[in-house]
Amino acid sequence: MTRITIAKGDGIGPEIMEATLSILEAAGAQLAYDEIEIGEKVYLAGNTAGISPEAWDTIRRNKVFLKAPITTPQGGGYKSLNVSTRKFLGLYANIRPCFSLHPYVSTKHPKMDLVIIRENEEDLYAGIEHQQTDEVVQCLKLISRPGCEKIIRYAFEYAKLYGRKKVTCFTKDNIMKQTDGLFREVFNEIAAEYPEITNDHWIIDIGAAKLANAPQDFEVIVTLNLYGDIISDIAAEIAGSVGLAGSANIGEECAMFEAIHGSAPMITGQGIANPSGLLLGAVQMLSHVGQTQVAEKIQNAWLKTIEDGVHTFDIYKDGVSTRRVNTREFTEALIANLGQVPQNFPAVSYQENARIQLPKYERKAPKQKTLQGVDLFVHWSGTDVNELAAQLKALSSSEFELALITNRGIKVYPGGFPETFCTDHWRCRFMANNDTTATKKGLIELLSQAESAGIDVVKTENLYAFDGKASYSLGQGQ
Ligand code: NAD
């Protein structure tokens, strides 16, 4: 018997959870449940996290969590519980299988069968955002080497375990050379350790277009958090319906299983939702806790039900489907099929002990870090950048001199174009004078002079070289 935590969530959550739990019971799953309350009610009661401390204790004690979708109320101040759960519990890998159910579910892509492995803890989802000037806000994109190593190694181990022949990486490293560049660099390093698995890389924009047009060309896709979020919804939708896909969020200690879709307020209370997404999340959970035979039994009965043409409204099609059913009728049909295998789809079989355990991350020897300069971000409402440059040049720092000014990343001084549109947010790059070594003390002196001169510095970024390699982006046009 495995004790797990469940949350029925909001919207269609309770309806699809009830369906899922009755199928798990009928299939003989050896599970005991602790139910917790999360989501809208908890948020609206004044808890901005959407979950109580006691509920966290339950999740951490049981280590396995089956979660229905929740509604995050509109308006500021509410933190996404999905993102918090993934990050608090270290659930670094989000696994989303998307496959065609042709000819029983209408799709333009009959041969599609791929798995998206999405980094789950980093990227723009760090949720670190600031307004810096009247006109400009920012969001920090944080990418770490351990984060990249874990998710990319997971993708190759997954391919090895499930007999997939190719792993494809999606990034935008032609633009984000530091962040996406690191992801791709680590991908190349780790791919070299798996010579039996083919690897390739696509820039995300054309990669997403290829995925939408020819998904059969992909087997395992590994990518950063935001891109993975977007492409997995696309992949699920083109496979047939967003209501069909389940997902696993895997960490070293804990794991969470869910549907990829949300709480679907438009169809709530009608009893018509497709429970397949949450059910397939639960099937991944059964495999994770070692109840592989029950996982197989449920997935095979589910395939048989789909094959029988017993379809909820989202996948129902005249001429293909045989019965248009609601959630309860779909559940009953599936339970009646338990113990049977599909006639036309290949029957599913899950491997025993299919858990992927990665080696612990080993921190690399530190590189030699040298301060080469500093970017001062300045709030300034003038229009002629030469005026700002003159004020900055007048700062008599012994260590730094003004090298360039950019606006939204594009160089505007020296030698910008009058056509370039400028906001009130200026990145002013100071580099160390040739004959000095830059120090933090010199940097504080520069800031203090800027303050005395009435220059409104809203943030600074130090410019470092690691082992002699400049590790910051150039200004566009520099
Ligand atoms: P959604 O996924 O709830 O709905 C998108 C579309 O898919 C709707 O047309 C909906 O009716 C349909 N759909 C979704 N699930 C279905 C199912 N099981 N069967 C049939 N049709 C289904 O996305 P949304 O409308 O953008 O978001 C609604 C709420 O869900 C928001 O509050 C959002 O924050 C939340 N949300 C939660 C999660 C989660 O808890 N994991 C994920 C995404 C969105």
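I shall speak about the domains, then the ligand, then some features of the backbone, and lastly the salt bridges.

First, a word on the basis of this talk. This is a predicted model, in which local features need pLDDT of at least 70 and side-chain atom pairs count only at pLDDT 80 or more, while totals for chains, interfaces and linings use all residues. Residues are numbered from 1 along each chain as its sequence is written, and side-chain values use heavy atoms, with hydrogens and water left out.

Let us begin with the domains. The protein chain is divided into domain 1 (1-89 + 244-347), domain 2 (108-239) and domain 3 (369-470); such bounds come from an automatic or database domain assignment. The C-alpha centres of domain 1 and domain 2 are 25 Å apart.

How many residues of domain 1 are in contact with domain 2? There are 9 residues on the domain 1 side, and they touch 11 residues of domain 2, where contact means heavy atoms within 4.5 Å. Together the two domains bury about 800 Å², with 47% of it on carbon and sulfur atoms. Buried area is the accessible area (1.4 Å probe) that two parts lose on being put together, summed over both. Arg-86, Lys-87 and Ile-260 supply 55% of the area that domain 1 buries against domain 2, more than any other three residues.

Between domain 1 and domain 2 there are 0 salt bridges, a salt bridge being a side-chain nitrogen of Lys or Arg within 4 Å of a carboxyl oxygen of Asp or Glu. Two elements give two or more residues to the side of domain 1 that touches domain 2: helix H4 (81-88) and strand E11 (246-250). Helix H4 gives the most, with 3 residues. Helices (H or I, at least four residues) and strands (E, at least two) are DSSP runs, numbered from the N terminus.

I turn now to the ligand. It is surrounded by 19 residues, and the closest are Ile-70, Gly-262, Ser-263, Ala-264 and Asn-274; a residue counts here if one of its heavy atoms lies within 4 Å of the ligand. A backbone N or O atom of Gly-262 is 2.7 Å from an oxygen atom of the ligand. For a polar backbone atom of Ala-264, the distance to a ligand oxygen is 2.8 Å. The side chain of Asn-82 has an N or O atom 3.1 Å from an oxygen of the ligand.

Next, the backbone. The peptide bond from His-102 to Pro-103 is cis, with omega near 0 degrees, and Pro-103 is found in the loop between strand E4 (93-99) and strand E5 (113-119). Another cis peptide bond joins Tyr-413 and Pro-414, with omega about -5 degrees. Lys-63 is not a glycine, yet it has a positive phi of about 70 degrees.

Finally, the salt bridges. Side chains of opposite charge can pair when their charged atoms come close. The structure holds 27 salt bridges. In one of them, the side chains of Asp-205 and Lys-172 meet at 2.8 Å, N to O. Asp-205 is in helix H7 (residues 204-213), and Lys-172 is in the loop between strand E8 (166-171) and helix H6 (179-191), 33 residues apart.

Notes:
Polar contact = N/O pair within 3.5 Å; in protein donor to acceptor, adjacent residues only side chain to side chain.
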